[in-house]
Amino acid sequence: MKLEIITPETTLFNAEVSLVQLPGKSGSFEIMHNHAPMIATLKKGKIKIVDPDKNIRYLEINGGTLQVQNNKILILAD
(Lines give C-alpha, C1' and ligand atoms only; values in the text may rest on other atoms or scores of the structure.)
Protein backbone atom coordinates (compact mmCIF):
# COMPACT_ATOMS: atom_id res chain seq x y z
CA MET A 1 0.00 0.00 0.00
CA LYS A 2 1.06 3.57 -0.53
CA LEU A 3 1.01 5.87 2.53
CA GLU A 4 1.28 9.63 2.28
CA ILE A 5 1.21 11.84 5.37
CA ILE A 6 1.16 15.57 4.74
CA THR A 7 0.86 18.71 6.86
CA PRO A 8 0.26 22.28 5.70
CA GLU A 9 4.04 22.78 5.84
CA THR A 10 5.57 19.56 4.47
CA THR A 11 5.28 15.90 3.51
CA LEU A 12 6.10 13.80 6.60
CA PHE A 13 6.01 10.40 4.93
CA ASN A 14 5.56 9.01 1.40
CA ALA A 15 6.36 5.32 0.85
CA GLU A 16 5.05 1.76 0.58
CA VAL A 17 3.81 0.15 3.81
CA SER A 18 2.28 -3.16 4.88
CA LEU A 19 0.36 -1.90 7.95
CA VAL A 20 -0.62 1.41 9.55
CA GLN A 21 -2.04 1.77 13.08
CA LEU A 22 -3.83 5.05 13.71
CA PRO A 23 -5.26 7.04 16.66
CA GLY A 24 -8.90 7.39 15.59
CA LYS A 25 -11.37 9.66 17.40
CA SER A 26 -13.29 6.55 18.51
CA GLY A 27 -10.19 4.45 19.26
CA SER A 28 -7.11 2.96 17.65
CA PHE A 29 -7.49 1.05 14.37
CA GLU A 30 -5.32 -0.54 11.69
CA ILE A 31 -5.26 -0.39 7.90
CA MET A 32 -3.91 -3.34 5.92
CA HIS A 33 -3.73 -4.28 2.22
CA ASN A 34 -7.10 -4.21 0.39
CA HIS A 35 -8.88 -2.34 3.20
CA ALA A 36 -12.34 -1.06 2.33
CA PRO A 37 -12.56 2.60 1.29
CA MET A 38 -13.05 4.91 4.26
CA ILE A 39 -12.71 8.41 5.63
CA ALA A 40 -11.95 8.93 9.34
CA THR A 41 -11.02 11.66 11.80
CA LEU A 42 -7.81 11.22 13.80
CA LYS A 43 -6.95 12.50 17.26
CA LYS A 44 -3.59 13.42 18.78
CA GLY A 45 -1.35 10.38 19.09
CA LYS A 46 1.19 8.13 17.39
CA ILE A 47 0.91 6.58 13.96
CA LYS A 48 2.60 3.18 13.79
CA ILE A 49 3.99 2.42 10.34
CA VAL A 50 5.21 -1.06 9.36
CA ASP A 51 7.08 -1.21 6.05
CA PRO A 52 7.21 -4.28 3.75
CA ASP A 53 10.48 -5.38 5.45
CA LYS A 54 8.71 -5.35 8.87
CA ASN A 55 10.62 -2.25 10.09
CA ILE A 56 8.51 -0.17 12.48
CA ARG A 57 8.41 3.62 12.61
CA TYR A 58 6.29 5.98 14.71
CA LEU A 59 5.13 9.50 13.85
CA GLU A 60 3.39 11.83 16.31
CA ILE A 61 0.43 13.87 15.05
CA ASN A 62 -1.90 16.40 16.67
CA GLY A 63 -4.93 15.11 14.77
CA GLY A 64 -6.12 15.07 11.20
CA THR A 65 -8.15 13.32 8.53
CA LEU A 66 -7.62 9.98 6.80
CA GLN A 67 -8.75 8.71 3.41
CA VAL A 68 -8.28 5.11 2.25
CA GLN A 69 -9.03 4.10 -1.34
CA ASN A 70 -7.53 1.52 -3.73
CA ASN A 71 -4.60 0.66 -1.41
CA LYS A 72 -3.66 4.32 -1.07
CA ILE A 73 -3.76 5.97 2.34
CA LEU A 74 -3.74 9.75 2.55
CA ILE A 75 -3.43 11.46 5.94
CA LEU A 76 -3.86 15.22 6.24
CA ALA A 77 -2.25 15.82 9.60
CA ASP A 78 -2.30 18.83 11.92
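**Exercises on an all-strand chain**

Asn70 is exposed, with a relative accessible area of 69% (exposed means over 50% relative accessible area, buried under 20%, partly exposed in between, with a 1.4 Å probe and protein chains only). The model is predicted: local features need pLDDT of at least 70, side-chain atom pairs count only at pLDDT 80 or more, and totals for chains, interfaces and linings use all residues. Residues are numbered from 1 along each chain as its sequence is written, and side-chain values use heavy atoms, with hydrogens and water left out.

**Exercise 1.** Determine the secondary structure and the overall dimensions of the chain.

*Solution.* 
- Step 1: The chain has zero helices and nine strands, which follow one another as β-β-β-β-β-β-β-β-β.
- Step 2: The radius of gyration is 11 Å, close to the 12 Å that the globule rule gives for 78 residues, so the chain is as compact as a globular protein of that length. The radius is taken over C-alpha atoms, and the rule is 2.2 Å times the number of residues to the power 0.38.
- Step 3: Along its principal axes, the C-alpha trace spans about 25 × 25 × 20 Å.
- Step 4: Of the contacts with a separation of 6 or more, 44% join residues 24 or more positions apart (contact means heavy atoms within 4.5 Å).

**Exercise 2.** Which residues of the largest nonpolar core touch the most other members, and which strands each supply at least two residues?

*Solution.* 
- Step 1: A nonpolar core is a set of buried Ala, Val, Leu, Ile, Met, Phe, Trp, Tyr and Cys residues joined through side-chain atoms within 4.5 Å. In soluble globular proteins, nonpolar side chains tend to be buried together.
- Step 2: The largest core holds 20 residues, and Leu3, Ile5, Leu22, Leu66, Ile73 and Ile75 touch the most other members.
- Step 3: At least two residues come from each of β1 (2-6), β3 (19-24), β4 (27-32), β5 (38-42), β6 (45-50), β7 (56-61), β8 (64-69) and β9 (72-77). The most come from β9, with three residues.
- Step 4: Beyond its neighbours within four places in sequence, Leu22 is in contact with Gly27, Ser28, Phe29, Ile31, Leu42, Ile47, Leu66 and Ile75.

**Exercise 3.** Is Thr7 buried or exposed, and what does Thr7 contact?

*Solution.* 
- Step 1: Thr7 lies in the loop between β1 and β2 (11-16).
- Step 2: Its relative accessible area is 17%, so Thr7 is buried.
- Step 3: Leaving aside neighbours within four places in sequence, Thr7 is in contact with Leu12 and Ala77.

**Exercise 4.** Describe the surroundings of Thr65.

*Solution.* 
- Step 1: Thr65 lies in strand β8 and is partly exposed, with a relative accessible area of 36%.
- Step 2: Not counting residues up to four places away in sequence, Thr65 touches Ile39, Ala40, Leu74, Ile75 and Leu76.
- Step 3: Thr65 and Ile75 are 10 residues apart in sequence and 5.7 Å apart in space, C-alpha to C-alpha.

Notes: Helices (H or I, at least four residues) and strands (E, at least two) are DSSP runs, numbered from the N terminus.
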